[in-house]
Amino acid sequence: MLDNDKLIELYKVMQTIRLVEHRIEDEYKYDEIKTPIHLSIGQEAISAGVCINLEKDDSVIGTHRSHAQYIAKGGDINKMIAELYLRKTGCSMGRGGSMHLIDPEAGVLGSTAIVGGSIPIGTGVALAAKLQNKNNVTAIFFGDGAVDEGTFHESLNFAAIKKLPAIYICENNSYAINSHEMVRHSTSIYRWAEGYGIPAYQIDGNDVLKVYDIAKKAISRARRGEGPSFIECITYRWKGHIGTVNDIGEGQRTQAEYDYWISKCPIKWFRDYLKGIGVLDDNMIKSIDEEINQIIKAAFEFAQNSPKPLPSDLLEFVYAD
């Protein structure tokens with residue numbers, strides 16, 4: 001059982017992800033955020049539950065929907081928001097935008113907009129750690145659409161053979177853009193990982209305590225040199241594939257389906273649970289929100305007041321060998 005400090009830390013991480021993404025959603029209409037955004041509102045429990053088990057030197061590789069992993073692993077929020085505004089102070093120097101977040105000091109080695117791209121990159125990071133005799137673990141996040149890529153199968157097979165210290169985390173929110181999983185897959189995704197001899201789990205990705213427990217076991221196994229694990233987290237993204245729309249309507253998802261998943265909000269469930277066992281009360285919840293909102297306010301002010309890259313900066317960080 002987690003102690004009270006860890007439980008509150010988990011709640012703070014989830015709430016920070018939620019409030020940061022709501023602020024991004026609010027600001028996006030002003031067209032000053034010059035990058036496509038992919039929000040993960042509704043999926044906060046997964047990144048929080050996994051990353052709280054990782055050490056600073058462990059690595060995270062994310063996807064185009066990677067705000068949550070960046071925040072949960074301890075990435076600099078000022079630099080993240082500046083990156084969304086494509087400013088020179090951004091975590092990728094304003095050259096990547098929302099889909100290319102990196103903070104090596106926090107172990108966030110990057111995110112990729114290529115569907116499935118995080119899987120071979122993360123597998124390579126885990127291979128490097130093993131060859132260098134480091135005791136680091138790599139957490140590799142991807143969506144259910146990514147498992148349709150051939151590199152998913154190639155990477156899992158390779159990681160199993162080499163017993164790499166990798167944790168594969170599939171954030172199964174049912175949709176690849178607007179294509180439902182039911183019309184794309186003939187079996188549960190975690191069964192594919194089992195086929196490669198990898199311990200695999202399918203869990204409620206909105207239950208942060210379940211995510212924490214399974215991730216802890218998987219990370220400990222990897223650190224002992226026993227190889228990779230696979231965690232399929234069933235969840236739901238409240239927003240559409242891209243931007244701030246909801247993608248509800250004919251030919252997309254139904255209002256009834258959307259309302260069902262809103263009722264399963266991972267943060268509301270965890271907040272009620274913590275209140276029920278006496279770890280949180282209304283005053284503490286208000287204080288936590290005020291603390292987070294101050295961090296967000298400072299981050300947006302930092303980003304909006306940061307300098308934009310100049311045309312003369314165009315060839316910086318361009319290499320030829």
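**Entry 1: a helix and one of its salt bridges**

I began with a term: a helix here is a DSSP run of H or I of at least four residues, numbered from the N terminus. I also noted that this is a predicted model. With that settled, I looked up Lys297 and Glu301, and both of them lie in helix 11. They are four residues apart, which is about one turn of the helix. I found a salt bridge between Lys297 and Glu301, with the closest N and O atoms 2.9 Å apart.

Then I asked myself: is Lys297 buried, partly exposed or exposed? Its relative accessible area is 42%, so Lys297 is partly exposed, since that class runs between 20% and 50%. Glu301 comes out at 38% relative accessibility and counts as partly exposed as well.

**Entry 2: other salt bridges**

How many salt bridges does the structure hold? I wrote down 15.

One of them joins Asp144 to Arg184, and there the closest N and O atoms are 2.6 Å apart. I traced where the two partners sit. Asp144 is in the loop between strand 3 (138–143) and helix 6 (150–162), while Arg184 is in the loop between strand 6 (179–180) and helix 7 (189–195). They are 40 residues apart, and the pair links distant parts of the chain. Asp144 has a relative accessible area of 1%, which is under 20%, so I filed Asp144 as buried. I also saw that Asp148 joins in: Asp144, Asp148 and Arg184 are linked in a network of salt bridges.

Next I turned to Glu226, which forms a salt bridge with Arg224 at 2.9 Å between the closest N and O atoms. Glu226 is partly exposed, with a relative accessible area of 34%. Arg224 reaches 52%, which is over 50%, so Arg224 is exposed.

**Entry 3: aromatic rings**

I picked Tyr85 and Phe300, whose ring centres are 6.2 Å apart and whose planes make an angle of 85 degrees. That angle is over 60 degrees, so the pair is called edge-to-face.

Which parts of the chain does this pair tie together? Tyr85 lies in the loop between helix 4 (77–84) and strand 2 (108–111), and Phe300 lies in helix 11 (residues 282–304), so the pair joins parts that are 215 residues apart in sequence. I checked the burial too, and both Tyr85 and Phe300 are buried.

Phe300 has another neighbour in my notes. The charged end of Arg23 sits over the ring of Phe300, 4.4 Å from the ring centre.

**Entry 4: backbone angles and a surface patch**

I kept a general rule in mind here: most residues other than glycine have a negative phi. Then I looked up Lys163, which is not a glycine and yet has a positive phi of about 50 degrees. Lys163 sits in the loop between helix 6 and strand 4 (166–172). Its relative accessibility is 45%, so Lys163 counts as partly exposed.

Phe317 gave me another example, with a positive phi of about 65 degrees. I located Phe317 in the segment after helix 11. At 43% relative accessibility, Phe317 counts as partly exposed.

**Entry 5: a distance and a record**

Asp31 was next on my list. I found Asp31 in the loop between helix 1 (4–28) and helix 2 (44–51). Asp31 is partly exposed, with a relative accessible area of 47%. From Asp31 I checked the distance to Gly94, which is 63 residues away along the chain, and the C-alpha atoms are separated by 16 Å.

Last, I opened the UniProt record. The unreviewed entry lists residues 14–311 as "domain: Dehydrogenase E1 component". In the model, the end C-alpha atoms of residues 14–311 lie 38 Å apart. I noted the make-up of this span as 43% helix and 12% strand.

Note on methods
Residues numbered from 1 in each chain as written. Predicted model: local features only at pLDDT ≥ 70, side-chain atom pairs only at ≥ 80, totals over all residues. Heavy atoms only, no water. Phe/Tyr/Trp six-rings, centres within 6.5 Å; stacked < 30°, edge-to-face > 60°. Helix = DSSP H or I, 4+ residues; strand = E, 2+ residues; numbered from the N terminus. Buried < 20%, exposed > 50% of the residue type's maximum accessible area, 1.4 Å probe, protein only. Lys NZ or Arg CZ within 6 Å of the ring centre and 35° of its normal. UniProt positions renumbered as here; feature names shortened; annotations may be inferred. Salt bridge = Lys/Arg side-chain N within 4 Å of Asp/Glu carboxyl O.
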